[in-house]
Amino acid sequence: MKRANIFYVTISVLVLFSSCLAVWIHYLNEGKDLLNFTISIVGFCIALLALFISVRTYTSIDSVNNISKMDGNILDNENYVTSLPELISHFKSQDEKDLDNKIFESIEYKLKKESHTAVHFADTLQYIIDLIVIFPAVFNASDTDRKRYKERMESILRNIDKRRKILYSISKGNSIQITESIKLFKAVVAYQHFVSDGNFNIHADLLHVRGPILRNPVTKTIYHNYLGLYYNKKGMHLLREFLKIESKDMLSIEGLNLINTKLSSLTPPIREEITMYLTSACKQFDKAIDISKEDVMWPGFINYNKSRTLYFLSSLSTKDNSWLDIIDDAIDSRSRLNRLIDEILTTNSKNHTTIKNTHLRQFFLYQEELARMVKLNILLAEKDKNNSELPLLYRGLEINKIHIDDLKKSFIATSCFPIIKSYQDMIIEKMQEKTGTPSMLRK
């Protein structure tokens with residue numbers, strides 16, 4: 001029974017008992033006269049009423065304080081880091097549909113059962129923000145029901161808003177971190193939906209987030225990374241629109257070659273505007289890297305985003321930049337992360353060692369392979385453009401010095417994410433053209 005209910009029951013019992021006792025005393029032969037009795041009873045009832053009001057006021061204030069206090073909340077913690085091993089160990093689903101269910105069920109449970117106070121709601125928000133990085137493992141996979149995914153995500157967003165309004169109606173104090181974190185989460189979800197639908201004309205939701213107010217390093221990293229992606233997408237949307245290549249994959253060999261042949265047609269104002277957006281994106285990625293440099297996961301994502309931004313920036317200007325060094329850093333970070341994930345998922349028995357091949361493991365392998373494929377795509381496009389002599393390295397192999405069959409064997413398969421297979425096929429076909437080997441892919 002709740003503490004407030006215990007108080008109310010006790011007071012009710014006391015009032016009833018006192019009334020019965022007073023009547024009994026009044027009817028005793030040695031009882032006092034009726035006037036004194038009435039005055040005593042009225043005074044006693046007033047005292048009980050005052051006690052009731054004071055107890056109710058005390059319990060109400062105590063409840064409000066417990067619900068609204070934010071002392072030591074996780075959103076203010078300047079040393080917080082995401083526990084990736086915990087996420088990898090918790091979500092061991094074998095396919096995207098099961099992972100989808102597990103992620104949403106865990107979020108829905110926390111919102112329903114573990115978010116009754118402000119500090120607990122802050123914990124739930126941080127948990128949801130930590131999961132941002134693995135949402136693409138669901139909606140980018142080939143067998144995902146995207147309509148159902150969006151419906152469940154919209155339901156979660158409604159529940160978050162409902163919980164925030166309840167807490168805000170109780171106390172406005174200490175709500176700024178919760179408010180801005182919710183705005184950030186909504187903006188990132190909106191961005192991910194746009195990109196998954198192939199839409200580069202991103203809405204400006206991220207610009208409404210007051211980033212400098214955020215204190216938690218993970219939240220700040222996500223803010224600057226996605227703000228950089230926002231500027232990147234705005235610049236690339238302008239480039240697509242002006243060059244009339246809306247339907248092309250701009251990071252494929254074909255897309256890169258098409259851009260290189262059309263770049264000279266860009267007018268100076270458009271070139272300047274695209275350069276402005278891409279430069280702003282790089283500045284945001286630099287801030288994100290500075291915040292997350294001790295993290296094991298985020299540098300791989302941020303450097304990948306920065307490297308492709310830098311490549312297009314170098315194509316638009318005469319400035320030489322280090323996009324190749326940055327993408328190599330991204331590949332190294334993702335490779336180290338995958339070694340860590342394998343350690344987490346390894347089971348050792350007496351004579352046998354096995355790695356549990358979860359969908360999340362496949363997702364992070366896909367991220368590493370994506371960076372390697374995009375690097376090769378850019379280098380091959382550069383060779384076509386200016387006969388670049390940069391070595392075509394893949395996992396330490398110079399691919400123009402090995403047999404096509406050996407190249408095929410060296411590629412990592414990620415069946416849940418079909419874009420990797422298409423990139424690999426294009427690279428193999430390109431290498432066959434260079435070596436004069438008949439292309440089996442065309443048949």
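**Note on buried cysteines, aromatic pairs and helix packing**

1. C416 counts as buried because its relative accessibility is 18%, where buried means under 20% relative accessible area, exposed means over 50% and partly exposed lies in between (1.4 Å probe, protein chains only). C282 is likewise buried, with a relative accessibility of 7%. The count of disulfides comes to 0, a disulfide being a pair of cysteine sulfur atoms within 2.5 Å.

2. On the basis of the note: this is a predicted model, in which local features need pLDDT of at least 70 and side-chain atom pairs count only at pLDDT 80 or more, while totals for chains, interfaces and linings use all residues. Residues are numbered from 1 along each chain as its sequence is written, and side-chain values use heavy atoms, with hydrogens and water left out.

3. Aromatic pairs number 14. Rings of Phe, Tyr and Trp (its six-membered ring) pair if their centres lie within 6.5 Å, and planes under 30 degrees apart count as stacked, over 60 as edge-to-face and the rest as tilted. Y311 and W323 are an edge-to-face pair, because their ring planes stand at 70°, with the centres 5.4 Å apart. This pair ties together parts that are 12 residues apart in sequence, since Y311 belongs to helix 12 (residues 298–316) and W323 to helix 13 (residues 323–344). Helices (H or I, at least four residues) and strands (E, at least two) are DSSP runs, numbered from the N terminus. Y311 and W323 are both buried.

4. F363 and F364 give another case: their ring centres are 5.2 Å apart and their planes are at 70°, so this pair too is edge-to-face. F363 is buried at 0% relative accessibility, and F364 is buried with a relative accessible area of 2%. F363 and F364 also belong to one aromatic cluster, together with W298, F301, Y366 and F417.

5. What sits over the ring of F301? The charged end of R334 does, 5.2 Å from the ring centre. A charge sits over a ring if NZ of Lys or CZ of Arg is within 6 Å of the ring centre and within 35 degrees of the ring normal.

6. Helix 12 packs with helix 11 (residues 268–292), the axes being 9 Å apart and the angle about 155°. Helix 11 is thus roughly antiparallel to helix 12. Angles under 35 degrees count as roughly parallel, over 145 as roughly antiparallel, 65 to 115 as roughly perpendicular and the rest as oblique. Axes are lines fitted to C-alpha atoms, for helices over the stretch in contact, and angles run from 0 to 180 degrees between N-to-C directions. Helix 11 and helix 12 cross in a left-handed way; a crossing is left-handed if the near helix is turned anticlockwise from the far one by less than a right angle, and right-handed if clockwise.

7. Helix 12 also meets helix 9 (217–243). Their axes come within 11 Å and cross at roughly 25°, so helix 9 and helix 12 are roughly parallel to each other. The crossing of helix 9 and helix 12 is left-handed.

8. Helix 5 (residues 118–130) packs against helix 8 (residues 176–196) at about 25°, with 11 Å between the axes. Helix 5 and helix 8 are therefore roughly parallel, and helix 5 passes helix 8 in a left-handed crossing.

9. Two residues other than glycine with positive phi deserve a look. K244 has phi near 60° and lies in the loop between helix 9 and helix 10 (253–262). K244 is exposed, at a relative accessible area of 66%. R395 has phi near 50° and is found in the loop between strand 3 (393–394) and strand 4 (397–398). R395 counts as partly exposed, with 34% relative accessibility.

10. Which residue is 8.5 Å from Y366, C-alpha to C-alpha, yet 47 residues away in sequence? That residue is A413, in the loop between helix 15 (404–410) and helix 16 (418–435). The C-alpha atoms of S333 and V296 are separated by 7.5 Å, although the two residues are 37 residues apart along the chain.
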